[in-house]
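Here are my notes on this one, jotted down while going through the chains. Have a look at the structure first, then see whether you read it as I do.

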Amino acid sequence: MSARDSGAPAGRTVYRIRWLPGTDRLHASCFCGAEREFEDPVVLWDWLLGHPEGHLPRPPEAHDSPAPAAALV
Amino acid sequence: MIVTEFARNQWYVAAYGHEVGRQQLGRTILNEPILLYRTEDGRAVAMADRCVHRRFPLSESPSHLVGDRVVCGYHGFTYGPDGVCVAVPAQQRIPRTARLRSYPVVEQDSFVWVWIGDREPGDTLPPRAPWLTSPDYTTVCGMEPLNARYGLLVDNLLDLSHETYLHGGYIGTPEVAETPITTEVDEDAGIVYVSRHMDDAACPPFYAESTGIKGRITRWQDIEYRPPCLYLLHSRVAPVGSPPPAPDGTDEHAFHVEVVYAITPSTENSTYDFWAVARDFALDDEKVSDFLRDSNRTVVLQDVTALNTLEQVIAAQPDRYQELSVNIDTGGLAARRLLARMAAQGDSVPSQAAAR
């Protein structure tokens, strides 16, 4: 059984949270396509369950962004 | 906060099939005393465990079965397997209200499930744990009473990092607590998945002695929690360097253990902790069965001791006690939310329709 096999099938109302390796950060993905990183699972769930508030789908070009916007200013 | 409310209109495991026979069995589920027994043709039945007359428990001696009927040991009120009173002592007339509440029963995968709710289950069936009766697996099982609210056991099972600290020497190794998890929640089906895949881990005695693996292992823990009652841990262990599962799903180089828990609330601060361990190796080896049964029961009792203590601590504190959740709790928080929603709605998840 693989990790994918054990999880929820695609096309459903699914929330996914991945603990980023080597960090203390959690990467959250909403079923709507919105994604965001958190350090606190309680705040993470508040955001996920707050859908659609603040759930702007991530633009494709942002996936390869080398640094968070805050570091560029 | 830990969920304390009960989710009604749901299926709950009341007993193993082998516990229900021609002697009455009493279980309290969601505060409802329930009598279980088998009719002469082998059908498991469930009804209220209180005589309508003076509330004497029908599961308690000298209450007894006569054929398919149960006779109250206090004054002799007699009930059929549908709960209807068929005899009242010393009179011909049977009051219209002389009827025990009966409960829908489904017997599957070695469990006797009862429906606790205010409406009928309709097409809703209990979730499956097919390994427990599969000829391709050998299963050991048990049940330990827990003097703690059921939410504490849900918390415990959704975060397996505690294995490292509470179950060292049995199933815990440092890698369990050190390895990040992934969490998924299927809102449509009401299922929480938590996965922890360890690429290179020490092999704990539980697996070393049962599988014969000498060195380090690849260890996968894939949790599938179908609230409120059924918890599945799909466990895969293989020597480091073994091939991964084939695309067709076959996985002949690994050992598989399906660890199944049924979490059945009894009262606000007591829970039935049903546990089963099904393996796809050493199927006929009694020594392996004995070892896994003893080891897993020890592990469960370690949890019971810890959670009984925790219950005392929490019960002594004000309603809004403080706690702190961190990354390892991501799945447990999801489970709490689903349970709270189910309790609030008294609604049922489409468990059978969602089965894959």
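1. Start with Arg18(A): its bridge partner in β13(B) is Thr182(B). That pair belongs to a strand pairing across the two chains, with 5 bridges joining β1(A) to β13 (residues 182-186) of chain B in the antiparallel sense. Keep in mind that this is a predicted model.

2. Now the contact between the chains as a whole. Chain A puts in 21 residues and chain B 27 residues. On the chain A side, the elements giving two or more residues are α1 (3-6), β1 (14-19) and α2 (41-49). Of these, β1(A) gives the most, with 6 residues. Sorted by class, the chain A side has 13 nonpolar, 4 polar and 4 charged residues.

3. Is Ile181(B) buried or exposed? It counts as buried, because it has 24 C-beta neighbours inside 10 Å and the cut-off for buried is 20 or more. Setting aside neighbours within four places in sequence, Ile181(B) is in contact with Trp19(A) from the other chain, and with Val194(B), Ser195(B), Arg196(B), Ile328(B), Thr330(B) and Gly331(B). Leu160(B) is 21 residues away from Ile181(B) in sequence, and the two C-alpha atoms are 9.8 Å apart.

4. On to the domains of chain B. The assignment gives domain 1 (18-106) and domain 2 (130-345). Their centres, taken over C-alpha atoms, are 36 Å apart. The contact between them takes 4 residues from domain 1 and 4 residues from domain 2. On the domain 1 side, that comes to 2 nonpolar, 2 polar and no charged residues.

5. As for Val192(B), and not counting residues up to four places away in sequence, it touches Leu158(B), Val185(B), Tyr225(B), Gly331(B), Ala334(B), Ala335(B) and Leu338(B).

6. Then there is helix α5 (residues 286-315) of chain B. The buried residues of α5(B) are Leu292(B), Ser295(B), Asn296(B), Val299(B), Val300(B), Asp303(B), Val304(B) and Leu307(B). An α-helix has 3.6 residues a turn, so residues three or four places apart point the same way. Covering the buried residues of α5(B) are, among others, β12 (138-146), α1 (150-158), α2 (163-166), α4 (205-211) and β18 (270-279) of chain B.

7. Last, a sheet in chain B. Its 4 strands form an open, antiparallel sheet in the order β5-β6-β7-β8. At the edges are β5 (64-66) and β8 (85-87), each pairing on one side only. Between β5(B) and β6 (residues 69-71) of chain B there are 3 bridges, again antiparallel. Within that pairing, Leu65(B) has Val70(B) in β6(B) as its bridge partner.

Conventions:
Residues are numbered from 1 along each chain as its sequence is written. Chains are lettered from A and ligands numbered from 1 in the order in which they are written. This is a predicted model: local features need pLDDT of at least 70, side-chain atom pairs count only at pLDDT 80 or more; totals for chains, interfaces and linings use all residues. Two residues are in contact if their C-beta atoms, placed from the backbone, lie within 7 Å. Ala, Val, Leu, Ile, Met, Phe, Trp, Tyr, Cys and Pro count as nonpolar, Asp, Glu, Lys and Arg as charged, and the others, Gly among them, as polar. Two strands pair if DSSP finds at least two bridges between them. Domain bounds come from an automatic or database domain assignment. A residue is buried if 20 or more other C-beta atoms lie within 10 Å of its own, exposed if 12 or fewer, and partly exposed in between; C-beta atoms are placed from the backbone.
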